[in-house]
Amino acid sequence: MRVAPEIVLSDEERAELTRLVRSKLTSVRLAQRARMVLLAADGAQNKEIAEQVGVGRVQVSRYAQSRMAGIERDLPRGAPPAKVDAARLVELTTQSQPAAATHWSTRKMAAELGVSPSTVMRHWHAHGLKPHLVRSFKVSRDRQFVEKLEDIVGLYLSPPEHALVLCCDEKSQVQALDRTQPGLPLKKGRAQTMTHDYKRNGTTTLFAALNVLDGQVIGQCQPRHTHVEWLKFLRQIDRQIDRQTPKDKTLHLIADNYATHKHPNAQKWLAKHPRFTMHFTPTSASWLNMVERFFRDITTERLRRGVFTSVPELTAAIDEYLAHHNTKPKPFIWTRSARDILQKVIRANQRLSFK
């Protein structure tokens, strides 16, 4: 039988422990520990102390030899926390790769450092590291990037008087997709479902021109994406603008460098219609064309979850969306100046030159 080691208490310590045991304001846990110390000081055995206090012998052996400083707070539980070299963790995350992988995960890094995945995640959050994410980018290499950037941003921020600015582009290969099985509708506690496989029923190309002033969109769906269809769309713009605005208004069209837009036949048509002025975005800089923002809206709001059994059904859905959009159009407001964009591009090129 294990006996608690002999404990000699001073009069002050015994009086304080006795007060804790008798006081009604003392917590039950602290009163039990104070009683253990008093019984151990009286020479009681561990088993006897455990029976009198109503605790296990492990707790008796832990607190019987403690004095005031030992019984007032709990001892740490479990294994001591593993210490992590934060500098090495950051260095491994940013400057190395795990074996046969492209990026670190919490478990791979935890196994490498001998810590828990939650510890790795906590340090990644503290240093703003997200190895599981990757962002795509493309810096334009157009030799006339600065001139084209200033030209287009100038049209957005300071459009010319007595003129309209239209952002034109094509959303090609819009697929009429029909799902192989019907999905379940949205309900409480369950998201809408849709099969991952589909039946492709053909494609169409959406030609669109966004009016920067009021946000209205002129749209036309055509089966192909050649200069012939581009000319048809230009003629539709000409007819529709004639009905809405005076014929002496200049039309500034912003488009990308796709060969269709620069076809000789298109150039001849533009030469016969001097009210049209073309402005081309730099290569790999389609983000300068605000109609891309409209394409994003129609994709997320109407096309991505749509079910279309034929191309005419898809075309009808696009026309319906355009008509609904034009009832209450809302323009996109361009706020970034050409100087700010150019500074960002310069910083990107400087970083890339170091690689």
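**Close-up views of a predicted model**

**View A. Strand 4 and its two parallel neighbours.** Ala255 stands opposite Phe280, which belongs to strand 5. Strand 4 and strand 5 are paired in the parallel sense over five bridges, and two strands are taken as paired if DSSP finds at least two bridges between them. Strand 1 (residues 163-179) also runs parallel to strand 4 and is joined to it by five bridges, with Leu253 of strand 4 as the bridge partner of Leu166. Five of the six residues of strand 4 (residues 250-255) are buried, so that this strand is mostly covered (buried means under 20% relative accessible area, exposed over 50% and partly exposed in between, with a 1.4 Å probe and protein chains only). Strands (E, at least two residues) and helices (H or I, at least four) are DSSP runs numbered from the N terminus.

This is a predicted model, in which local features need pLDDT of at least 70 and side-chain atom pairs count only at pLDDT 80 or more, whereas totals for chains, interfaces and linings use all residues. Residues are numbered from 1 along each chain as its sequence is written, and side-chain values use heavy atoms, with hydrogens and water left out.

**View C. A salt bridge between buried residues.** The side chains of Lys148 and Asp142 meet in a salt bridge with an N to O distance of 3.0 Å, and both of these residues are buried.

View D. Arg275 forms a salt bridge with Asp238, the closest N and O atoms being 3.6 Å apart. Because Arg275 lies in the loop between helix 11 (264-272) and strand 5 (276-280) while Asp238 lies in helix 10, the pair ties together parts that are 37 residues apart in sequence. Arg275 counts as buried at 14% relative accessibility, as does Asp238 with a relative accessible area of 13%. Through salt bridges that share partners, Asp238, Asp242 and Arg275 are joined into one network.

Methods: Salt bridge = Lys/Arg side-chain N within 4 Å of Asp/Glu carboxyl O.
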